[in-house]
Amino acid sequence: QINFLNSVIVDLQRKNEELKIKLKKLALAELGEGVPKREKKATPRLFCDICDCFDLHDTEDCPTQAQSPDSVPHSTYRGNPANERPYCDICEAFGHATESCNDDQTF
């Protein structure tokens with residue numbers, strides 16, 4: 001029985017040494033690849049602050065902030081900012097002074 005137990009112990013020690021060698025090889029292989037690769041950062045999801053929704057569009061591309069067709073167009077005036085432009089308080093538009101407004105509507 002002693003010989004049998006000794007053979008079992010020797011066999012377990014041999015397997016233990018083989019596993020230690022495998023472990024060292026795996027550790028060296030992992031380190032041998034160089035610096036660990038940087039984890040890819042996930043691209044941020046689109047989010048719209050106006051609609052309060054994800055993945056449809058970004059705030060800058062929000063369709064609700066687009067100018068509606070019936071609204072007053074943005075100014076395209078490219079003149080000298082030092083010059084005073086005539087402005088009408090009645091029409092709330094540039095182009096003529098309040099005194100020369102021919103809008104008969106009252107509010």
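Let me start with the annotation. UniProt, in an unreviewed entry, places the feature "domain: CLIP1 zinc knuckle" at residues 45-62 and 85-101. Keep in mind that this is a predicted model.

What do those two spans look like? Take residues 45-62. The end C-alpha atoms lie 15 Å apart, and the span is 0% helix and 22% strand. Now residues 85-101. Here the end C-alpha atoms lie 15 Å apart, with 0% helix and 24% strand.

Step back to the whole chain. The protein has one helix and four strands. From the N terminus on, the order is α-β-β-β-β. How much of it is buried? Of the 107 residues, buried ones make up 7%.

Searching the whole structure gives two aromatic pairs. One of them is Phe47 with Phe54: the ring centres are 4.7 Å apart and the planes meet at 50°, so this pair is tilted. The cut-offs matter here: under 30 degrees would be stacked, and over 60 would be edge-to-face.

Next, Arg45. What does Arg45 do around here? Arg45 lies over the face of Phe54, 4.4 Å from the ring centre. Arg45 also forms a salt bridge with Asp55, with the closest N and O atoms 2.9 Å apart. Arg45 sits in the loop between helix 1 and strand 1, and Asp55 in the loop between strand 2 and strand 3, so the bridge ties together parts that are 10 residues apart in sequence. Arg45 is exposed, with a relative accessible area of 52%. Asp55 is partly exposed, at 46%.

Over to the second span. Which ring does Arg85 cover? The charged end of Arg85 sits over the ring of Phe94, 4.1 Å from the ring centre.

Two of them involve Arg14. Arg14 bridges to Asp11, with the closest N and O atoms 2.5 Å apart. Both residues lie in helix 1, three residues apart, about one turn of the helix. Glu18 bridges to Arg14 too, at 2.9 Å between the closest N and O atoms. That pair also lies in helix 1, four residues apart, again about one turn.

And the exposure of these charges? Arg14 is partly exposed, at 43% relative accessibility. Asp11 counts as partly exposed as well, at 28%. Glu18 is partly exposed, at 40%.

Last stop: nonpolar surface. Which residues make the patch? Phe4, Leu5, Val8 and Leu12 form a nonpolar surface patch of about 400 Å². Leu12 belongs to helix 1, residues 2-32. Why does Leu12 count as exposed? Because its relative accessibility is 52%, and the cut-off for exposed is over 50%.

Notes. Residues numbered from 1 in each chain as written. Predicted model: local features only at pLDDT ≥ 70, side-chain atom pairs only at ≥ 80, totals over all residues. Heavy atoms only, no water. Patch = residues over 30% accessible without salt bridge, like charges linked within 9 Å, V, L, I, M, F, W, Y side chains within 5 Å. Areas by Shrake-Rupley, 256 points an atom, 1.4 Å probe, with all protein chains shown as cover. Salt bridge = Lys/Arg side-chain N within 4 Å of Asp/Glu carboxyl O. Helix = DSSP H or I, 4+ residues; strand = E, 2+ residues; numbered from the N terminus. Buried < 20%, exposed > 50% of the residue type's maximum accessible area, 1.4 Å probe, protein only. UniProt positions renumbered as here; feature names shortened; annotations may be inferred. Phe/Tyr/Trp six-rings, centres within 6.5 Å; stacked < 30°, edge-to-face > 60°. Lys NZ or Arg CZ within 6 Å of the ring centre and 35° of its normal.
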